[in-house]
Amino acid sequence: MNGLFALLLGLAVVAGLGSTGYAAVKPAKASVWVFDQKLTISETVTEYDHLYVPLRELAQALDLEVVYDRRAGETRVQRASDGTWMLFAVGAREVLLNDRQMVMVAPPLEYHDQIYVPLGLFCWFFGLTMRHDSRGSYYISQRLIDAYME
């Protein structure tokens, strides 16, 4: 009887997580601006204290190439202009950034059949600055030192 109860409890917990596998994912009302242009995003979400955005939409706005390897369960994102790239798996905290292993405090996740990435961390990996205001607007720009050098 205890085994059956444990099995049912386990199934209830898994079902309660929903299709994402993340119990703390919540829709968020946020606007994202990329280099002074408002980005049209299907949906933003938060998990704990991190804003997540759909990878495909963000990558397009930042002129990044995204390649999915479904067999390996990995996603590669690359910037052609300087060759910067990152490789990650959904749900994994470890990422490769230009052959260097890094650890993300907030891993990429899958939500509504899309890959979502933590906006601030993703920008940092690609040498961008992200700031936000109290109204829920997030602004992506070049790092100050990069802008100064141009």
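A charge sits over a ring if NZ of Lys or CZ of Arg is within 6 Å of the ring centre and within 35 degrees of the ring normal. With that in hand, here are the close-ups. This is a predicted model, in which local features need pLDDT of at least 70 and side-chain atom pairs count only at pLDDT 80 or more, while totals for chains, interfaces and linings use all residues. Residues are numbered from 1 along each chain as its sequence is written, and side-chain values use heavy atoms, with hydrogens and water left out.

**View 1. Two arginines sit over aromatic rings.** Arginine 76 lies over the face of tryptophan 85, and 4.3 Å separates it from the ring centre. In the other case, the charged end of arginine 70 is placed over the ring of tyrosine 68, at 5.8 Å from the centre.

**View 2. Aromatic rings pair up.** A pair of aromatic rings is described by the distance of the centres and the angle of the planes. Rings of Phe, Tyr and Trp (its six-membered ring) pair if their centres lie within 6.5 Å; planes under 30 degrees apart count as stacked, over 60 as edge-to-face and the rest as tilted. By this rule there are four aromatic pairs. In one of them, tyrosine 111 and tyrosine 116 have ring centres 5.7 Å apart and planes at 90 degrees, so this pair is edge-to-face. Tyrosine 111 is buried at 9% relative accessibility, and tyrosine 116 is buried at 0%; buried means under 20% relative accessible area, exposed over 50%, and partly exposed in between (1.4 Å probe, protein chains only). Phenylalanine 122 and phenylalanine 126 make a tilted pair, with 5.1 Å from centre to centre and 45 degrees between the planes. Both of these phenylalanines are buried as well.

**View 3. Here is the largest pocket, with a volume of about 200 Å³.** On a 1 Å grid over the protein atoms alone, a pocket is an open set of points where a 1.4 Å probe fits, with protein on both sides within 12 Å along at least five of seven lines; lining residues have an atom within 4 Å of a point. Grid points are joined across faces, edges and corners, and the volume is the space filled by probe spheres set on the points. The lining has 13 residues, and Tyr68, Arg70, Thr75, Glu110 and Ile115 lie nearest the pocket centre. Two or more lining residues come from each of strand S6 (65–69), strand S7 (74–78) and strand S12 (114–118). Helices (H or I, at least four residues) and strands (E, at least two) are DSSP runs, numbered from the N terminus. By type, the lining holds five nonpolar, three polar and five charged residues. Here Ala, Val, Leu, Ile, Met, Phe, Trp, Tyr, Cys and Pro count as nonpolar, Asp, Glu, Lys and Arg as charged, and the others, Gly among them, as polar.

**View 4. The largest nonpolar core has 28 residues.** A nonpolar core is a set of buried Ala, Val, Leu, Ile, Met, Phe, Trp, Tyr and Cys residues joined through side-chain atoms within 4.5 Å. Leu55, Leu58, Val77, Met86, Leu119, Phe122 and Ile140 touch the most other members. Elements that supply two or more residues include strand S5 (50–54), helix H2 (55–61), strand S8 (85–88), helix H3 (119–125) and strand S14 (137–142). H3 gives the most to this core, with four residues. In soluble globular proteins, nonpolar side chains tend to be buried together.

View 5. Most residues other than glycine have a negative phi. With 71% relative accessibility, aspartate 36 is exposed.

View 6. Phenylalanine 35, in the loop between S2 and S3, is 106 residues from serine 141 in sequence, yet their C-alpha atoms are 5.3 Å apart. Phenylalanine 35 is partly exposed, at 40% relative accessibility. Glutamine 78, in strand S7, has its C-alpha atom 6.6 Å from that of valine 66, twelve residues away along the chain. At 25%, glutamine 78 is partly exposed.
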